[in-house]
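Me: I have a chain to go through before group meeting. Can we take it piece by piece?

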Amino acid sequence: MPFKNMVILAVIWCALVVPNAVFYFVNKDAKLKRKNHGWWMWGIGFVMIVSSLWLGRAQMNLLYFFVIIAINAAFSFYYTKAIVFCDTCGKTIFHIYPFQKTVNCSGCADKRQ
Ligand SMILES: [Zn+2]
């Protein structure tokens with residue numbers, strides 16, 4: 001991928017990070033976040049797939065095509081499972097290991113002490 005296209009991809013990515021940060025860290029509504037989290041993560045994955053494919057179209061081949069889709073789909077899937085929300089305070093909690101059901105909210109644990 002030419003350098004210019006990498007910059008464009010980085011700009012697209014940054015443009016997604018800002019609303020992302022507002023949605024996950026400023027917004028304290030756990031219910032709302034849980035409701036929108038799935039499609040939002042897959043939406044970002046989809047945008048990244050389409051823009052990566054479009055920007056890399058000059059060097060397009062079948063391997064590149066599948067690698068881009070696989071990487072982005074894996075990340076989207078991982079984040080839908082790894083990010084959970086505290087029902088008590090609405091905090092966004094990131095699990096390094098996905099599929100953990102328990103929510104150990106550090107903010108609420110501090111308040112209980
Ligand atoms: Zn909490």
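**Aromatic pairs and helix packing**

Reply: Starting with one side chain: Tyr 78 is partly exposed, at a relative accessible area of 26%. Keep in mind that this is a predicted model.

Me: And Phe 94, what is its relative accessibility?

Reply: Phe 94 comes out at 44%, so it counts as partly exposed.

Me: How many aromatic pairs does a search of the whole structure find?

Reply: The search gives 9 aromatic pairs. One of them is Tyr 24 with Phe 85, whose ring centres are 6.0 Å apart with the planes at 10 degrees, so this pair is stacked.

Me: Which parts does that pair tie together?

Reply: Tyr 24 belongs to helix H1 and Phe 85 to strand S1 (residues 83–85), so the pair joins parts 61 residues apart in sequence.

Me: Are Tyr 24 and Phe 85 buried or exposed?

Reply: Tyr 24 and Phe 85 are both buried.

Me: Back to Tyr 78 and Phe 94. Stacked or edge-to-face?

Reply: Their ring centres lie 6.2 Å apart and the planes stand at 75 degrees, so the pair is edge-to-face; the cut-off for that class is over 60 degrees. Tyr 78 sits in helix H3 (residues 62–82) and Phe 94 in strand S2 (residues 92–94), so the pair links distant parts of the chain, 16 residues apart.

Me: Which residues do ring pairs link into a cluster?

Reply: Phe 23, Tyr 24, Trp 39, Trp 40 and Phe 85.

Me: New topic: helices. At what angle do H1 and H2 cross?

Reply: Roughly 175 degrees, for H1 (residues 3–26) and H2 (residues 30–55), with the axes coming within 10 Å. Over 145 degrees counts as roughly antiparallel, so H1 is roughly antiparallel to H2.

Me: Which residues meet there?

Reply: On the H1 side they include Ile 8, Leu 9, Ile 12, Trp 13, Leu 16, Phe 23 and Tyr 24. From H2, they include Leu 32, Lys 33, Trp 40, Met 41, Ile 44, Val 47 and Leu 55.

Me: How does the contact of H1 with H2 split by class?

Reply: It has 15 nonpolar, 6 polar and 1 charged residues. Phe 23, Tyr 24 and Trp 40 are among the residues in this contact, and these three also belong to the ring cluster.

Me: Last one, cysteines. How many disulfides?

Reply: The count is 0 disulfides.

How values were computed:
Residues are numbered from 1 along each chain as its sequence is written. This is a predicted model: local features need pLDDT of at least 70, side-chain atom pairs count only at pLDDT 80 or more; totals for chains, interfaces and linings use all residues. Side-chain values use heavy atoms; hydrogens and water are left out. Axes are lines fitted to C-alpha atoms, for helices over the stretch in contact, and angles run from 0 to 180 degrees between N-to-C directions. Helices (H or I, at least four residues) and strands (E, at least two) are DSSP runs, numbered from the N terminus. Angles under 35 degrees count as roughly parallel, over 145 as roughly antiparallel, 65 to 115 as roughly perpendicular and the rest as oblique. Contact means heavy atoms within 4.5 Å. Ala, Val, Leu, Ile, Met, Phe, Trp, Tyr, Cys and Pro count as nonpolar, Asp, Glu, Lys and Arg as charged, and the others, Gly among them, as polar. A disulfide is a pair of cysteine sulfur atoms within 2.5 Å. Rings of Phe, Tyr and Trp (its six-membered ring) pair if their centres lie within 6.5 Å; planes under 30 degrees apart count as stacked, over 60 as edge-to-face and the rest as tilted. Buried means under 20% relative accessible area, exposed over 50%, partly exposed in between (1.4 Å probe, protein chains only).
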